[in-house]
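Please keep the sequence and the model in view while reading.

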Amino acid sequence: MFKAAAELTAAEVTGRDVAGPVVVILLLAGSAVFVVGYAMAVMHRANKDYKTTKAALPNLRKGFWRSWWTAVKRGAVVLLIFICLVIYWWRSGGSDADATTPHPSKSPRPVMTDRWVTRTPAITHR
């Protein structure tokens with residue numbers, strides 16, 4: 001039914017068995033070329049971005065340190081104002097709650113009247 005490889009003619013081999021492997025090889029080669037081309041494009045873009053960032057780095061550092069020292073100066077001013085307020089509060093008597101809260105006055109004791117006390121001796125039942 002099947003002939004051995006040595007018994008096949010060139011026409012039989014070319015017509016039947018070569019088309020599949022050739023298509024697979026062409027697909028693999030095309031995929032490899034596409035992947036290599038894509039990788040090269042990515043590497044070129046990354047290299048360009050790296051060079052751009054490297055060239056801009058001194059200006060970025062200057063901007064960072066400028067904003068850092070601006071924040072430190074503003075924080076120092078806020079801290080100084082806070083310390084001044086605490087010193088003022090401390091020197092003015094300690095706490096504002098005592099100055100603003102009125103002390104309750106002593107209410108007079110009610111005068112005991114004889115209104116509820118009967119002057120007649122208690123009547124005991126015999």
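The structure is a predicted model. Its chain contains three helices and zero strands, and of its 126 residues, 0% count as buried. Helix α2 covers residues 19–91, and this helix has the highest mean pLDDT among the elements of the chain, at 95.

**Overall fold and surface**

- Read from the N terminus, the order of the elements is α-α-α.
- The accessible surface of the chain amounts to about 12,800 Å².
- Carbon and sulfur atoms account for 69% of that surface.

**Confidence of the prediction**

- The chain has a mean pLDDT of 81, and 65% of its residues reach a value of 70 or more.
- Helix α3, made up of residues 96–100, has the lowest mean pLDDT among the elements, at 57.

**Helix α2**

- Helix α2 is built from 73 residues.
- The distance from its first C-alpha to its last is 100 Å, which is close to the 108 Å expected at 1.5 Å a residue.
- The helix has a kink of about 45° at L57, and this position lies shortly before the proline P58.
- Just after α2, the residue G93 adopts a positive phi of about 130°.

- The partners are R45 and D49, whose side chains meet at 3.2 Å, N to O.
- The contact qualifies as a salt bridge because the cut-off between such a nitrogen and a carboxyl oxygen is 4 Å, and the distance here is 3.2 Å.
- R45 and D49 are four residues apart in helix α2, and so about one helical turn separates them.
- An α-helix has 3.6 residues a turn, so residues three or four places apart point the same way.
- The two partners fall into separate classes of exposure: R45 is exposed at 53% relative accessibility, whereas D49 is partly exposed at 34%.

**Aromatic pairs**

- The count of aromatic pairs comes to three.
- One of them joins F64 and W65 in an edge-to-face arrangement, with 5.0 Å from centre to centre and 70° between the planes.
- F64 is partly exposed, with a relative accessible area of 46%, and W65 is likewise partly exposed, at 45%.
- Another pair consists of W68 and W69, which is also edge-to-face, at 6.5 Å centre to centre and 70° between the planes.
- W68 counts as partly exposed at 41% relative accessibility, and W69 counts as partly exposed at 47%.

Definitions and conventions
Residues numbered from 1 in each chain as written. Predicted model: local features only at pLDDT ≥ 70, side-chain atom pairs only at ≥ 80, totals over all residues. Heavy atoms only, no water. Helix = DSSP H or I, 4+ residues; strand = E, 2+ residues; numbered from the N terminus. Buried < 20%, exposed > 50% of the residue type's maximum accessible area, 1.4 Å probe, protein only. Areas by Shrake-Rupley, 256 points an atom, 1.4 Å probe, with all protein chains shown as cover. Expected span 1.5 Å × (residues − 1). Bend = angle between axes of the 7 residues up to and from the residue. Phe/Tyr/Trp six-rings, centres within 6.5 Å; stacked < 30°, edge-to-face > 60°. pLDDT = per-residue confidence, 0-100.
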